[in-house]
Structure formats: C-alpha cells, structure tokens
Protein chains: 2
Amino acid sequence: MRTDLSGVHCSIARSMQVLHDAWGALILRDVFVGLTRFDQLQQDLGLSRKVLAARLDSFVVEGILEKRAYAEHPPRYDYVPTAKGAELFGVIAALMAWGDRWKADKAGPPARIRHDCGALATARVTCDQCGEPLLLETVATEAGPGGRLGPGTRMLGKLLSQRSKQARKTTPM
Amino acid sequence: MRTDLSGVHCSIARSMQVLHDAWGALILRDVFVGLTRFDQLQQDLGLSRKVLAARLDSFVVEGILEKRAYAEHPPRYDYVPTAKGAELFGVIAALMAWGDRWKADKAGPPARIRHDCGALATARVTCDQCGEPLLLETVATEAGPGGRLGPGTRMLGKLLSQRSKQARKTTPM
C-alpha cells in the first residue's frame, strides 16, 4: 500500500515517493550495476513477477528507467537508467555509505565502490559551493520559493519562513 | 506492511529498512529541523498518533533518535538525533537535492539549505578520497568482505565477485 504524498511540498517526500521503499532502491541498485533484464532482476531479488513488473512500470512512467528492446519475438527489454534515473545514484551511494558504517556485520561491507580516481570510495555528501561536508551541525534549513503550508509541512513551512526572515535581517546579502 | 529485508546482505537495503518509507524520511527531516516533540510532529505531518508513535519507537530502538524528557507530569519527550541518526542527514540532503532538481514545481524548491560557509548549498555526493563527484559513469561496484549470495543478492553477489577478481588481475595494487 502506497501513501499518497503528491500534495506534500517537500523534495524529500517527492524523492522517497519515487523510490517507494527498500525494494525500489534495490531494483535501482541492480540496474546501476548492470542487471537490467526482468529475469535477472527477478532472480536476484526474489520479488514476485507481479510486484517487480509494477515497480519497473512505475520507474518507466516516472522517467527514471527506459525500456530498450533486446529481442523482438517475444519482446524483451533492458531497463536502463535515464539521466534523471542515473542521478539517483548519489542517493543510493549515500544510503550505502550509511549502511556500511552503521549496519554492516563483522565481516565488513557487502560491496565496495571503486571510483575512477582509483580509490575504493565512500560516498560523502558535500556542499556544492565550498566542497566541505554537509553535516547536520553545519547547516540551517530555510524556506524556499516552492514551500507551502499544507499536509506534511503544516508547522514546518511557518518555522522555515520565520527563520528565513531572521536570516535576511542578520546576514549580509 | 513492512517487508523483512533483515536477511539481505546489502547496506542499501539495511539503510532503507531503517528509513522505512517517505514518512520515515519526513519524521527525520522534521527532527533535524527542530520539530522534536510528538505533538509538533503529529501536527506537521498529519499522521495518525498510532502510526507516528510506532515510527518514533522504531527509530529509538534502532538508535537513531533518543528520548529526552522535557516534562515529568505527564511525561513528555523531545526526540533528538543520536550521532548515528545525525549521519542520516547526508541521505536526506541527497534526496532533497534530487527532488529539487527533478520534481520541484515552477515556483522552485520548497526549502533551501544554508551551509556554514554562507552559501545556499545543494548536496553533492562525492568520493571521500579525491573529492570529485561520485557519478554512475565514474564508478564500478565490487564485492566487499560482507557480501553473500542470498535473498536480494542472488545474482549480484556472483557478478560483483567476478568483477573484483577481474579488477585484481588488471589494476595495480
């Protein structure tokens, strides 16, 4: 069952709505790694064909995966990430880094990311302006132009717009 | 209903299992911003008290939030992020950046992150070794020591360990 969050003016809600749940993230993980065919995904994940088909359809409708035919009779497809889908790799990498750090068993991390620089990389979420890590203790959240008071942001909207007004008063523009 | 993914040897699955779904991410968002009390969360999100209480309990059991009493009669608590919970801010910021880029309406992003450097920041997921962005086209995934063939990684485990063997053959150590 899927809660409808389409009315929530929040980019976190919207992104999570696209991923849906852990299975959605695992389908993306597999496609990113190169398991792009229905039967490969079904075998890897052990999801029912019905559930897997529904998830893949929703990813195609959302525009994060696209179907490319690799056989015509019967029609068979690779599911490959679009540019919009490929950018979710950052989210997946951030989830993986947190899980490696806080949820790995004694054996160590289940998988590693090799970056083009040659290193085994751990994802770090940074500020695009200064390059330093974005940590909870080094940020403040302010209202944005698309913010609304409404379901999912009933108090938050007010709180953030008060903060933004204060920030405008106290910080040089 | 929550699928049990505890047997899946994958850090992405484990992290998503902790977040659970979009509501889990929104509870964390609110706590990170400073809405730390049950009634504030309930009012902001419009979740039923029963569902919200269950989510908060699961976050406390998981060790990502901790309860701090702010009143004794009746007992009332702030839910504040632990170190483990605070590190999920990176995941939330990456979700927000993707949603801002691909799902914002015409008005623009609903909220903004002000970084301590002074800039309005967009989260960028980077390699902790070289500082460059971790993009799908600049990474390869390899097997890690905690990887297993099993539910959720039936084909992936094999694929990654083949790749790691190849990488050991072709890259200088």
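Reply: A nonpolar core is a set of buried Ala, Val, Leu, Ile, Met, Phe, Trp, Tyr and Cys residues joined through side-chain atoms within 4.5 Å. Buried means under 20% relative accessible area, exposed over 50%, and partly exposed in between, with a 1.4 Å probe and protein chains only. The model is predicted: local features need pLDDT of at least 70, side-chain atom pairs count only at pLDDT 80 or more, and totals for chains, interfaces and linings use all residues. Residues are numbered from 1 along each chain, chains are lettered from A, and side-chain values use heavy atoms, without hydrogens or water.

Me: How many residues does the largest nonpolar core have?

Reply: The residues with the most contacts inside this core include A:Leu26, A:Leu134 and B:Leu26. Contact means heavy atoms within 4.5 Å. Beyond its neighbours within four places in sequence, B:Leu26 is in contact with residues including A:Leu5, A:Val8 and B:Leu45. The largest nonpolar core has 100 residues.

Me: Why is the pair of B:Phe32 and B:Phe89 edge-to-face?

Reply: Rings of Phe, Tyr and Trp (its six-membered ring) pair if their centres lie within 6.5 Å; planes under 30 degrees apart count as stacked, over 60 as edge-to-face and the rest as tilted. The centres of B:Phe32 and B:Phe89 are 5.9 Å apart and their planes are at 75 degrees, so the pair is edge-to-face.

Me: Is B:Phe89 buried or exposed?

Reply: The relative accessibility of B:Phe89 is 6%. Because buried means under 20%, this value decides the matter. B:Phe89 therefore counts as buried.

Me: Which residue lies over the face of A:Tyr70?

Reply: A charge sits over a ring if NZ of Lys or CZ of Arg is within 6 Å of the ring centre and within 35 degrees of the ring normal. At 3.4 Å from the ring centre of A:Tyr70 lies A:Arg37.
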